Amino acid sequence: MIDLTKAGAAEIAQSLTRAKARYGDIRGRNLALDMTRGKPSAAQLDLSDGLLTNIGPGDVIDTDGTDLRNYGGLAGIPSCRKLFGDYLGVPAEQVVIGGNSSLQMMYGALARAMTFGVVGGKGPWRDEAPVVICPVPGYDRHFAICEELGLTMVNVDMKDDGPDMDAVEELVANDPKVKAIWCVPKYSNPTGATYSDAVVDRLAKMKAAAPDFRILWDNAYAVHHLGRGLDTVADILAACEAAGCPDRPFIFGSTSKITYAGAGIAMFAGSKANVKDALDHLFFETIGPDKITQLRQVKFFGDMDGVLAHMDAHAELVAPKFKAVDDALTKHLAGKGIATWTKPRGGYFVSLDVLDGCAKEVIRLANEAGVKLTPAGSCFPYGKDPFDRNIRLAPTLPPLDEVVQAMEVVCACVELACLDKLAADAG
Ligand SMILES: Cc1ncc(COP(=O)(O)O)c(C=O)c1O
């Protein structure tokens, strides 16, 4: 395999001719494949069909006498708080079980911060021109929440073990407007990186110019491994307590990619003061959450062992698709100097970086050849990839044979777009 970035003009021209022919052949296949969003496949959803039948009329009175069919229980039913406290690694009384979407809880937490402020702050964030640190590439919907609510975003690089902490510490220590950082600590979206203990330690201990600085700890992929066991992440709540800033983390999670996407349960956790503050505001939003859904989830899993066994079954379905992505990238692009990609141990995505200035073109070419990819720039605040190099691959939803076909297209498009650029640069 030759490094195309070091090849001479003649060699590039020959490779480009071959890449064009290959692309032409692929376009002729009239494919219609979709690798845009990180959704579970139908086979994954089937794993949770026990939820549809696992409660009956005899179950609706909870152990503490609460009638789950009625209003109330703002923080969630005790058994559900206990299970998902274990899941998030926090005491049950420091967990709030919400509705079907953790994203909604994140939106709510930031909307409340903007409108009312947070524990330990001076007042509404909106009066302070707040800034949020966004490790990039990251999750487009985190960025969309900030944009919608008027929080200014600033990029820092995502590394293999978490955000670039030198850059984070510098921003947080010196500017009181810097109020928060987004974190997906395990199998991050989209790179798959898991935060190291050193990064968690620095996040907890770093000096913050804003006394009400928050870590938005979206542990969306806490148990979503790919068959080689679970990564571990240090306990952010304990680390912040030990560092004297117990109110720093806002912790989020959901069962969207464990049971049913959009019909599971979401959770928020944090210090006692943060939980009380959230509940004081949630009181005005709802008389109580859907406790029947909570009961279904608890009965379905039983305990954390049940959750972990269930995730082993997910891994069996998902891991071959990630292998297909890596196999294709390795076969077609390794050693050519035009692409690098992540090799996640869990989560829902592979992050592919191509030559600077080529991502948009790769995605356009793939689209024309019948493979939809996440739009270029999606993983960056304001949809702007400063280098136009990042592409998010989401292999979970399509069947394995479609992932294989789609990846052949992606690789052909990467080669064509990058060779085009190299030829233009050489000429
Ligand atoms: C990092 C991250 N957080 C949250 C979500 C959405 O979670 P929910 O369905 O609980 O709103 C996703 C979905 O892709 C995600 O990748």
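In which hand, left or right, does α4 pass α5? I found a right-handed crossing of α4 past α5. My rule for hand: a crossing is left-handed if the near helix is turned anticlockwise from the far one by less than a right angle, and right-handed if clockwise. Helices (H or I, at least four residues) and strands (E, at least two) are DSSP runs, numbered from the N terminus.

**Ground rules.** The model is predicted, so to speak of local features I need pLDDT of at least 70, and side-chain atom pairs count only at pLDDT 80 or more, while totals for chains, interfaces and linings use all residues. Residues are numbered from 1 along each chain as its sequence is written.

**Entry: α4 and α5.** I looked up helix α4 (residues 102-116) against helix α5 (residues 140-149): their axes come within 10 Å and cross at roughly 30°. Axes here are lines fitted to C-alpha atoms, for helices over the stretch in contact, and angles run from 0 to 180 degrees between N-to-C directions. That angle makes α4 roughly parallel to α5. The classes are: under 35 degrees roughly parallel, over 145 roughly antiparallel, 65 to 115 roughly perpendicular, and the rest oblique. On the α4 side I listed L103, M106, Y107, L110, A111 and M114, and on the α5 side R141, I145 and L149. Contact means that two C-beta atoms, placed from the backbone, lie within 7 Å. By class, the α4 and α5 contact has 8 nonpolar, no polar and 1 charged residues. I count Ala, Val, Leu, Ile, Met, Phe, Trp, Tyr, Cys and Pro as nonpolar, Asp, Glu, Lys and Arg as charged, and the others, Gly among them, as polar.

**Entry: α13 and its partners.** Next I took α11 with α13, which pack at an angle of about 30° with their axes 9 Å apart. These two are therefore roughly parallel to each other, and α11 passes α13 in a right-handed crossing. From α11, P320, K321, A324, V325, A328, L329, H332 and L333 meet L400, V403, V404, M407, E408, C411, V414 and E415 of α13. That contact divides into 12 nonpolar, 1 polar and 3 charged residues.

Then I turned to helix α12 (residues 359-368) with helix α13 (residues 400-426), whose axes come within 9 Å and cross at roughly 130°. That makes α12 oblique to α13. Their crossing is right-handed. The contact uses E361, V362, L365 and A366 of α12, together with V409, V410, C413, V414, L416 and A417 of α13. I noted 9 nonpolar, no polar and 1 charged residues there.

**Entry: the whole protein.** I counted 13 helices and 13 strands. A compact globule of 427 residues would have a radius of gyration near 22 Å, and the protein has 23 Å, which agrees. The radius is taken over C-alpha atoms, and the globule rule is 2.2 Å times the number of residues to the power 0.38. Of the 427 residues, 48% count as buried. The cut-offs: buried if 20 or more other C-beta atoms lie within 10 Å of a residue's own, exposed if 12 or fewer, and partly exposed in between, with C-beta atoms placed from the backbone.

**Entry: α10.** The buried residues of helix α10 (residues 291-301) are K291, T293, Q294, R296, Q297, V298 and F301. Their cover includes α3 (78-88), β2 (95-97) and α11 (304-333). Just after α10, G302 takes a positive phi of about 80°.

**Entry: single residues.** L4 sits in the segment before α1 (9-27). With 21 C-beta neighbours inside 10 Å, L4 counts as buried. Apart from neighbours within four places in sequence, L4 contacts I12, S15, K336, G337, I338, C418, L419 and L422.

I also checked the backbone. A cis peptide bond joins V136 and P137, with omega about 0°, and P137 is in the loop between β3 (131-136) and α5. Another cis peptide bond joins N189 and P190, with omega about 5°; P190 lies in the loop between β6 (178-183) and α7 (197-205).

Where are the positive phi values outside glycine? N30 has phi near 50°, in the loop between α1 and β1 (33-35), and N30 is exposed, with 7 other C-beta atoms within 10 Å. Y382 has phi near 60°, in the loop between β12 (371-373) and β13 (390-393); Y382 is exposed too, with 12 such atoms.
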